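User: Hi! Could you walk me through this one? I'd like to start with how you count things.

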Amino acid sequence: MTDRQADLLQGTLDLLILKTLALGPHHGWGVSQRIQQMSKEVLQVNQGSLYPALHRLEHRGWIAAEWGTSENNRKAKFYRLTKRGRAQLQTEEAQWRRFSEAVEWILEKG
Amino acid sequence: MKPIMSIFYRIRIWLRSFLRPEAVEQELEMEFRHHLELEIEKSVREGMSLRAARRKALIDFGGVERFKEQTREARSTRFGENVVADLRLALRRLKKSPGFTLLTILTLALGIGATTATFSVVSGVLLEPLPYDEPENLVYMNTYFLPESGYDFPEYAVGSPEYFDYKNANRSMEEVAAVSTESVTLTAGQGDPEVVRAGWVSPSMFTVLRTPPFLGRTLVEADGGPDPAAVTVISYDLWQRRFGGDSTVLGSLVTLGVEIQEELVPSEIVGVMPPGFSHPGPGIQLWAPLALDPARTDRGSHWFTMIGRLAEGVTFEEADTEVKAMMEQWAIIYPDHHVGHGLFMKPLLDHEVGDARATLLLLLGAVGFVLLIACANVASLLLARGEGRRREVAVRNALGAGRTRILQEHLTESFLLAVGGGAVGLILAWVGVRALLALEPGNLPRLDSVGLDGRVLAFTAGAVMLTTFLFGLMPALQEARSNPGDALRDAGTRITAGVRPIRLRKGIVVAEVALSVLLIVGAGLMVRSFRNLLVENPGFDTENLLFARFSLPAAEYTPEGSVEFYERLEEGVAVLPGVVGVTYTSRPPLLWHDQEGRFHIEGRPVTATGPLCCVGSTVAVGEQFHELLGVPLIRGRLFGLEDQLPGAPGVVLVDESAAERYWPGEDPVGKRVRFGSDRLPWSEVVGVVGSITYDGPGIGFPTLYHPANQTPNFAARSRYLLVKTAGEPRALVDGVRGVVRGLDPGQAIASTYTMDEIQGRTLARPRFILTLFSVFAGVALVLGAIGIYGVISYGVALRAGEIGIRRALGAEESSVMAMVLRQGMVLTGTGLLVGLGGALAGTRILTGFLHEVRPHDPVTFLAVAGVILGVALLAAFFPARRASGVDPLVALRVE
């Protein structure tokens, strides 16, 4: 993995996590399941890579975490979107759209 | 305030990563396991074998350790790097605006320093526990005489029947003790004979206080009783001073010359107390058992006070309730003695603090104001600085700097300022405590327990630093919340400054000025009051007077013998060079007050409540007393030699205030009065003399004089020799000592004072309060001026563009200057009005501290208004001059 690939992946993953949590709080496994469902099983996220991203977002204040009980009665760490995270999601969504439009435009012209 | 919450949340998780890495690690472990378990369960539900499911889960997850490491990185690294960068940046910024940095740190330091120093003294005196085991359980007991008893003494001594009745009947005390003090003439050991203060106590005092001896033993129960053992325990100080710290002193015999003890029995030294132990009162050098006879039933005599230790599990309130109930019983059992008279108790600490409490609380209030002003000042300085930063923040915001990054930077800057201010404040506080102790002439109790108080330092530093953070962050928060584009446009194109933040700052300055006014009015009133005390005519000539106290032991001097001793002393001193005249008094004027005296005038109706009709303090004096002090004789005659002869008919002089109060429109001369009880003989009033402030400055209490040799026998042994000198009175002390040695080498002068020293002592507390108030007022004035200067000068800086336009449009320098000055004066005027209003309402609490100044003294109020306006004008003048000097072109180009 080169640095640039990692950056790209990371940015995309952040966006996906934020989007997922915008639907409601969830724990790590739940987030990975939702991303898979929402992307209609097309995007295969390496499940472990989710966690560095979750913790990074928590440190930036975009998501917050607290311990709770999961659906099968186990202690689990639940993440939720903060107000700032919601704003960040909008920015990233807009950026992503512009980026993909630009790429599409180049592809069509080419 | 969402951003603040999220900041706290983030600080918390940062701190957690920093301080509790093992907990974070464990949580990570749990989180990963939880994920894998759910993944495995899912696969099993879909029909996979457990083993295959586990394998699939691990593969899908990817390298567990790798992701743990990545997660760790995500949590910690950025934090450390940012802190260092922010610190560097903040330092560079502060260095770039030294004026702001200096003013802020100075303000913080003054606030922290002054408050901590004063708080430290207050808490040392008022709050620091007494130096005994479980000191909160110690109580002090004494008696009261309410008017219904025929007397009116809020506090009076205890007698032995009362002591034994309480000791035997109470169920609240573990132990009680009787304590009193005596002057003891000591000849044993090294050095000249000296008179020391001694504790005459029941041996139970040592049980109550629980202080073990340093050497030997304390007094024990067997030493006490009606005929106590001839034993004594000495203080560490006396042991070192007179016995060279030699432990063989135990068992040796010393002679204690005491006024009250008729036979001289050598006492055996049985113990030495540890350094610092001194009860009751300061400077006690030895302890001997007080004779207490349970068989004694005379309830009319009172000669000691009591202390006690609450029994296990008994509260002060319970003990207090019990003693009150007991007194109701006593009033029924002893209707002749205990109606309106009985025992009361208070915590021993309250007793030792005494009347210093009011003084200290007043100072505490004043210094609280200083703290508030300092906080207001810091707030206004930081707000002003934030204002100047709006544009920079907006630009950086627009360039993509995270809101948190910018907040973090402001936080770091505030932190640096707080640390700087705190450090300088700590030094100021340390110096301040020492300065206060040096300033205090020793009339506050318990000063040895005063030290720089850590709790207090933490509190004040906390208060001021919180202000720093709050107001350091406020501008950044406001800015961070706004849309970067708007803010940028605003800051970039608007030439005039925004209105809203300035309004807040102006409010703060108005509050600050108002608080300063309150404090300065208080100080002004104290100054006026103190001046009145200083210039008050005491009614006599205070120049060149020396007082020397003597206390002759009863075992060596009969009443007649002591009269003779004093006559020969007078003759000997009179012929010393530099002596103008010699006489005696039972107490020097001004030194302490004695407002307990009562007397009766022949033929007057007794009051319903007792056998005596009138109040007045009494003094026993030699025949030359009034002449030497220059007190005028109004009518009648002064005392003559014949009045001092043994068996001479009782005579009395009254002062003018007694004459006016009790013989209005009458001539007191020839009338007869009687002191104390109705068993004593009548004395004839032979003259009226001028009033002097005998009981101290500001106390006009009727005074009656009687001849020194006519006082009851034992009191006659203790007197003050009064020497009027031609030059410096202290120079005569050695001469007097020589005369004493010639008369009786075993006697010593107990203490000496000059009138100047006595006046200094009586004015010491007002002077202490005045000095502190002046310092606080000065600090308040400086801080107020800084506040006004700060807000006006930042206003000018922000409005440089606007001023430039005005100038370009033809505004004169003088009109620009007037505009800025007007702004300053409006702020000050508003604060002044609020402050004066507050002072009108609030200075009443000073009434008890003021002498012949009304709390609404118009002179003070006007003077303060003048000073405040003057200082404000000065503070606004510099920014105004800068504003008038603005070059229109330069100012316009700035934008």
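Predicted model: local features only at pLDDT ≥ 70, side-chain atom pairs only at ≥ 80, totals over all residues.

User: Good. Where is Pro280(B), then?

Analyst: Pro280(B) sits in the loop between strand 9 (267-272) and strand 10 (284-289) of chain B.

User: Nice. Which phi does Glu134(B) have?

Analyst: Glu134(B) has a positive phi of about 40 degrees, although this residue is not a glycine. You'll find Glu134(B) in the loop between helix 5 and strand 1 (138-145) of chain B.

User: And is Glu134(B) buried or exposed?

Analyst: Exposed: Glu134(B) has 12 other C-beta atoms within 10 Å, and a residue counts as exposed with 12 or fewer.

User: What about phi of Asn544(B)?

Analyst: Phi is positive there too, near 50 degrees, and Asn544(B) is a residue other than glycine. Asn544(B) is in the loop between helix 15 (500-535) and strand 13 (545-551) of chain B. With 18 C-beta neighbours inside 10 Å, Asn544(B) counts as partly exposed.

User: Let's zoom out. How many helices and strands are there in chain B?

Analyst: Chain B has 25 helices and 24 strands. Of its 895 residues, 41% count as buried. If you take the contacts in chain B with a separation of 6 or more, 82% of them are between residues 24 or more positions apart.

User: And how many helices and strands has chain A?

Analyst: Four helices and three strands, running α-β-α-α-β-β-α from the N terminus on. In chain A, 35% of the 110 residues count as buried. Among contacts between residues at least 6 apart in sequence, 49% join residues at least 24 apart in chain A.

User: How far does helix 4 of chain A reach from its first C-alpha to its last?

Analyst: That helix covers residues 83-109 and reaches 39 Å, close to the 39 Å expected at 1.5 Å a residue. Of the 27 residues of helix 4 of chain A, two are buried, so this helix lies largely in the open.

User: Now the contact of the two chains. How many residues does it take from chain B and from chain A?

Analyst: It takes 23 residues from each: 23 from chain B and 23 from chain A. On the side of chain B that touches chain A, the elements giving two or more residues are helix 1 (2-19), helix 2 (21-45), helix 3 (50-61) and helix 4 (64-96) of chain B. Helix 2 of chain B gives the most, with seven residues. By class, that side of chain B has eight nonpolar, eight polar and seven charged residues.

User: What is Arg74(A) in contact with, leaving aside its neighbours within four places in sequence?

Analyst: Arg74(A) is in contact with Thr69(A) and with His34(B). Arg74(A) itself lies in the loop between strand 2 (63-69) and strand 3 (75-81) of chain A, and it is partly exposed, with 14 other C-beta atoms within 10 Å.

User: Last topic, helix packing. At what angle do the axes of helix 23 and helix 24 of chain B cross?

Analyst: At roughly 150 degrees, with the axes of helix 23 (residues 813-842) and helix 24 (residues 858-884) of chain B coming within 8 Å. That makes helix 23 of chain B roughly antiparallel to helix 24 of chain B, and their crossing is right-handed. Residues making the contact include Val820(B) and Gly824(B) of helix 23, along with Ala872(B) and Ala876(B) of helix 24 of chain B. The contact divides into 18 nonpolar, three polar and two charged residues.

User: And how do helix 21 and helix 23 of chain B pack?

Analyst: Their axes are 10 Å apart, at an angle of about 145 degrees, and the crossing of helix 21 and helix 23 of chain B is right-handed. Among the residues that meet are Ile792(B) and Gly795(B) in helix 21, and Val820(B) and Gly824(B) in helix 23 of chain B.

User: Which hand has the crossing of helix 5 and helix 21 of chain B?

Analyst: That crossing is left-handed. The axes of helix 5 (residues 98-127) and helix 21 (residues 764-798) of chain B come within 11 Å and cross at roughly 155 degrees, and these two helices of chain B are therefore roughly antiparallel to each other. Their contact has seven nonpolar, two polar and no charged residues.

Terms used. Residues numbered from 1 in each chain as written. Chains lettered and ligands numbered in written order. Contact = placed C-beta atoms within 7 Å. Nonpolar A, V, L, I, M, F, W, Y, C, P; charged D, E, K, R; others polar. Axes fitted to C-alpha atoms, helices over the stretch in contact; angles between N-to-C directions. Parallel < 35°, antiparallel > 145°, perpendicular 65-115°, else oblique. Left-handed = near helix turned anticlockwise from the far one by under 90°. Expected span 1.5 Å × (residues − 1). Buried ≥ 20, exposed ≤ 12 C-beta atoms within 10 Å, placed from the backbone.
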